[in-house]
Amino acid sequence: MEWCLENVWELAAGAMRYIRECEVYISAVATCVLLLFLWYCYRMGRDHSPNYLSGPGRIGGFMSSDCRSRAKGKHGVGVDEQNGFAFCQSPECFRCTSAGESLNQRLYHSLQEYAKRYTWSGMGRVHKGVRDQGRYLNSRRSIQRPEVFFLPDLPSAPFFSREVQRHDVELLEQSFPTLLAEFENIYQPAGPGGAALPPGWRANATPRGQWWTYYLVNQGIPLVPNVRRCPRAWRVLGQLRTFISNNVFGNACFSVLTPGGLISEHYGPTNIRLRCHLGLRVPPSCELVVGGEPQCWSEGSCLLFDDSFLHRAFHEGTSDDGPRVVFMVDLWQPNVAAAERQALDYIFTPARLEDKEGK
């Protein structure tokens, strides 16, 4: 028993000596961990806002095609100059608004507010995108160049399989008769040049032909008079699981392209969404080209594409063919995680951006 107690004592003494010898190493490791933590906090909290170009029509240092087109003038523009720009001519357009403070700074402030209220967890790509947005927008390859916000490290392609948003695609296709009936209730062919458009319809500038849209949701804001005229279509939107309904990148509308019409090639504002077209009326000789890949619509079927890729649409049929009509809805890109969607909804809430515009 005495021998055992002596051994225990020796073991304890040896352990104490070992701990004292290791104190310097433990201190060094703890110091390194502390420095790494401080560096992380600095990187996450630093308001990184390079001196991007600012001014009318510039968003995050990148002038939108809408504003470039208006800067050239509505008249006296050659075909070569006009081709490549599809412009909305709307002063309310989020993509065309100017701010005293760069959009990147305002987005970063909103992200910080979100993180303080909720969490930084899962915000790696969002933080990276907001922090370096100007660099991403200006250095993107020409085939894919979103004009407002680019989420980095997001796998994408010009067209997506219907399986990536199977529930919503099937719901829209099942609602084809309902949506077609809603369209027929509100649509009346306009005169030449879009004169005397029925209430709720908007004419969009095109190099040739006519392109009209009837929005239920425009840049995240429901248009109440239009919604009241299309209650069944509104109910369909409410059943979609991935419809972007809470931020400025979400839209839902009926889109009409007349025979001979061309929607010239342009980029969408972001890569975080998929644009879904449900064909309602699809005559022959209609085509959508995204990222150099052509596809045709089909009545009663959905077509999913990433509109941050360069894209255009045309209708080369005759007047006897009638217009091409699709129901257009913006859905979340499937590779955007749930936590990122929540943060992006917070950052790009229409009311939040309007409040910051006024400050």
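1. A polar atom of the Asn251 side chain lies 2.8 Å from the backbone nitrogen of Gln219. The side chain of Asn251 also makes a polar contact of 2.9 Å with the side chain of Asp330 (a polar contact is a pair of N or O atoms within 3.5 Å; within protein, one must be able to donate a hydrogen and the other to accept it, and residues adjacent in sequence count only if both atoms are side-chain atoms).

2. This is a predicted model, in which local features need pLDDT of at least 70 and side-chain atom pairs count only at pLDDT 80 or more, while totals for chains, interfaces and linings use all residues. Residues are numbered from 1 along each chain as its sequence is written, and side-chain values use heavy atoms, with hydrogens and water left out.

3. Asn251 sits in the loop between helix 10 (231-239) and strand 7 (252-257) (helices, H or I, of at least four residues and strands, E, of at least two are DSSP runs, numbered from the N terminus). Asn251 counts as buried because its relative accessibility is 6% (buried means under 20% relative accessible area, with a 1.4 Å probe and protein chains only).

4. Not counting residues up to four places away in sequence, Asn251 touches residues including Tyr215, Phe243, Arg273, Arg275 and Met328 (contact means heavy atoms within 4.5 Å).

5. The largest nonpolar core has 35 residues, and Leu172, Phe183, Trp201, Leu237, Phe254, Leu280 and Phe327 touch the most other members (such a core is a set of buried Ala, Val, Leu, Ile, Met, Phe, Trp, Tyr and Cys residues joined through side-chain atoms within 4.5 Å). Helix 8 gives the most to this core, with five residues.

Technical notes: Buried means under 20% relative accessible area, exposed over 50%, partly exposed in between (1.4 Å probe, protein chains only).
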